[in-house]
Each structure stands twice: as C-alpha cells, then as structure tokens.
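Work through the exercises below with the structure open. Try each task before you read its solution.

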Amino acid sequence: MSLVAISLVAVGPVAVSLATMSLAAISPAAINLAPLLDAAPAIPLHAVAAMTAFVLGVVQFAAPKGTLPHRAIGAIWVALMAVVAISSFWIHQLRLVGPWSPIHLLSIFTLVMLPLAVWKAHTHQVASHRRIMIYLFSGALVIAGLFTLLPGRIMHAVLFGT
C-alpha cells in the first residue's frame, strides 16, 4: 500500500472525499494563482515550500537510502519543512484560540521532530529515522495538505476556482 493511501486510510472518509474531489476537478486551465499570489507573503512562501517538500519527499521514498544524494535531498527537505512550519505562525486564516489553530500545534510538533529525525539518522537509528520521516511526510504534508483543499481555503480557490 502506498504512503498516500496509508495517509488517506488513517484520516478516513474526509481525506478520501477530498482526494477524489481534487483528482476529478483539477484541470490545468482552471488553475488560478491569483488567490495565492494576492495573499499575505507568508502564505505563498508556505505553499511553495510545502509543495517542493512534497515532491522531494516522494523522490526520497523512491530513491535508494543512505546514499549521498539521499542525505543531500534530505537536508533540503528538512530545511523546507522548517520553512513550512515556521511560516505557519504568520498564517491566521483559521482562528480557534486567539490567532491560533490546531495546525500550529502540528507546526510545533514538526519543529521538534525534524531535529530528532536528523539525530536518529546521524546515530544510525534507521528504523526510528524512517518512522519519524514517514509520519512527518504523511501528517504535515499529505493530511494537512488535503485540508487546504476544503472550500473557502486559498488552495481550493487556486485549484478549483472560487
């Protein structure tokens, strides 16, 4: 079972319906970057870093492990994920507790787990490193990314129109 499928199963019907909606409704002609580019500067930075991290993450899962390219791409991925997490603290579209939302807890978790995962790799604790990286990829990119496709969110407007 693929990592994306595992992530979708973990979240349940909401993620499955979002994935189905996103695959069926996106056409290259319908993509409109204006909502993203018109947003506060932290939002396009956050989105571009997240999309780039997603692509590099897929490459990492498919490529041989422990090689110099894996380490180099991994370092870039960790930096991108730090940018994604840090930039989220300037994004306040969803407000549940003052300016904060549960996604900010995920950002804190990500900022704690990234250095831990790197340390696990450096100390040759490969299974722990792999598990943390899979959780970060699936939770902080795939699942959180699917929620950006909900109606009313900027990425929904980019991909599906208003």
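Predicted model: local features only at pLDDT ≥ 70, side-chain atom pairs only at ≥ 80, totals over all residues.

**Exercise 1.** Classify the ring pair Phe-54 and Phe-137, and state which helices the pair ties together.

Solution. 
- Start with the count: there are two aromatic pairs.
- In one of them, the ring centres of Phe-54 and Phe-137 are 5.3 Å apart, with 20° between the planes.
- Ring centres within 6.5 Å make a pair, and planes under 30 degrees apart count as stacked. The Phe-54 and Phe-137 pair is therefore stacked.
- Now place the residues. Phe-54 sits in helix H4 (residues 42-62) and Phe-137 in helix H7, so the pair ties together parts 83 residues apart in sequence.
- Check accessibility. Phe-54 is partly exposed at 32%, whereas Phe-137 is buried at 1%.

**Exercise 2.** Classify the ring pair Phe-61 and Phe-137.

Solution. 
- The centres of Phe-61 and Phe-137 lie 4.9 Å apart, and their planes meet at 85°.
- Planes over 60 degrees apart count as edge-to-face, so this is the class of the Phe-61 and Phe-137 pair.
- Phe-61 lies in helix H4 and Phe-137 in helix H7, so this pair links parts 76 residues apart in sequence.
- Phe-61 has a relative accessible area of 35%, which is partly exposed.

**Exercise 3.** Is His-124 buried or exposed?

Solution. 
- Locate His-124: the loop between helix H6 (102-122) and helix H7 (126-147).
- Inspect the backbone. His-124 has a positive phi of about 60°, although it is not a glycine.
- Read the area. The relative accessible area of His-124 is 66%. Exposed means over 50%, so His-124 is exposed.

Conventions:
Residues numbered from 1 in each chain as written. Heavy atoms only, no water. Helix = DSSP H or I, 4+ residues; strand = E, 2+ residues; numbered from the N terminus. Buried < 20%, exposed > 50% of the residue type's maximum accessible area, 1.4 Å probe, protein only. Phe/Tyr/Trp six-rings, centres within 6.5 Å; stacked < 30°, edge-to-face > 60°.
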